Structures are given as structure tokens and as C-alpha cells.
Amino acid sequence: MGCGKSRVGHRVAEILGRDFVDLDAVIERHAGRSIPEIFAEQGEPVFRALETEVLAARLSEAPDGVLATGGGAWMEARNRARCRDAGAVSVYLDVPWEILLERIERQPERRPLYAGADATRRLYEHRVPTYRLADLIIATSGREPVDTVAHRVVRALSEAA
């Protein structure tokens, strides 16, 4: 949450000449409402089930694209396995907590799991070990231009190939 995965992912797709898919946007189109609305009306378990369903469909429809998933999608072992099975290379944008909090607090209403700084930090600390299971970890200060981070991702993908 707040690491810049959508903006960086979109730029990576442009550089690579591939399609970009923001999983959260696909979920919102599929459900006909925003993610905060889904959380409020149906709860997180319903959202997570929908997220897993949409992820599986996108991986089969567009395996060569760049896909930005929400942080919770990666927490689900079956989603990580689906990504691996589809031949996807996973990338974790490792941004310092202070920068993430600053970004999240600009629009907390867009973050259904935001429950204040302390609770959100506990969620972050709980998730980081699983995020580190990604194939590539791109450490960033969170202050670099999107283009700089995107080129670092592309370079890392090229070196990993």
C-alpha cells in the first residue's frame, strides 16, 4: 500500500512495450464499485475471494503483461503459486515505512485497511517477510522519479533473465 506499484508498473509496461493491468482497477470494474465500497459492504473475505478470482483470470488472459496487485493478493500462498506457475516474475518495491505512511495518509479513504499509523505499521511489518518472497526486490527511497524506479526494475528483470 503506497509503494507506487501502479505508477511504476505502468511505466515498466511502457518501456517493455507490454500491456499494463492494475488488478485493483479490474476488480472495481468487475464488481461495479470501488474497493473501499466492497470492503464496507461485503467485508475483506469477499474482497479477497474476488481478488484471487480476478488474478487467476488475468494471469491466464495476459501472461506477458505487467500486472500490479494489491499487497494483500501476495499474502495468499495460492496467488503466489499461480504467479509462479504462469511464469510471472514478481517484484517487490521496498519503500521505507515513513514514506509509505506519508503517501497513505494523503488519501486514507482510498485505503480500506488503513486503521491509523500504529495499526497500519503492524500490518506492514506482518506483510514484509512475505513480500520479500518476491523474485526481485527493488529498494527505493520513495523519492526517486517513477521513471528512475521503472528503469531499475527493467534492468533487474533483464539481469534475472
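Visitor: Where does Thr-120 sit?
Guide: In this predicted model, Thr-120 has its place in helix H8, which covers residues 117-131.

Visitor: Is Thr-120 buried or exposed there?
Guide: Thr-120 counts as buried, because its relative accessible area is 1%, and the cut-off for being buried is under 20%.

Visitor: And which residues does Thr-120 touch?
Guide: Leaving out residues up to four places away in sequence, Thr-120 touches Met-1, Trp-97, Ile-104, Leu-113, Tyr-114 and Ala-115.

Visitor: Changing topic, which residues have the most contacts inside the largest nonpolar core?
Guide: That core has 38 residues, and those with the most contacts inside it are Val-8, Val-12, Ile-27, Leu-93 and Leu-100. In soluble globular proteins, nonpolar side chains tend to be buried together.

Visitor: What is Leu-100 in contact with?
Guide: Setting aside neighbours within four places in sequence, Leu-100 is in contact with Met-1, Gly-2, Cys-3, Val-95 and Tyr-124.

Visitor: Now the second largest pocket: which residues lie nearest its centre?
Guide: Of the 39 residues that line the second largest pocket, Met-1, Gly-2, Lys-5, Arg-110 and Arg-111 lie nearest its centre, and the space in this pocket is about 970 Å³.

Visitor: Which element gives the largest share of that lining?
Guide: Helix H1 does, with four residues in the lining of the second largest pocket.

Visitor: How many of the lining residues are charged?
Guide: There are 13 charged residues in the lining of the second largest pocket, together with 16 nonpolar and 10 polar ones.

Methods:
Residues are numbered from 1 along each chain as its sequence is written. This is a predicted model: local features need pLDDT of at least 70, side-chain atom pairs count only at pLDDT 80 or more; totals for chains, interfaces and linings use all residues. Side-chain values use heavy atoms; hydrogens and water are left out. On a 1 Å grid over the protein atoms alone, a cavity is a set of points where a 1.4 Å probe fits but cannot get out, and a pocket is an open set with protein on both sides within 12 Å along at least five of seven lines; lining residues have an atom within 4 Å of a point. Grid points are joined across faces, edges and corners, and a volume is the space filled by probe spheres set on the points. Helices (H or I, at least four residues) and strands (E, at least two) are DSSP runs, numbered from the N terminus. Ala, Val, Leu, Ile, Met, Phe, Trp, Tyr, Cys and Pro count as nonpolar, Asp, Glu, Lys and Arg as charged, and the others, Gly among them, as polar. A nonpolar core is a set of buried Ala, Val, Leu, Ile, Met, Phe, Trp, Tyr and Cys residues joined through side-chain atoms within 4.5 Å. Buried means under 20% relative accessible area, exposed over 50%, partly exposed in between (1.4 Å probe, protein chains only). Contact means heavy atoms within 4.5 Å.
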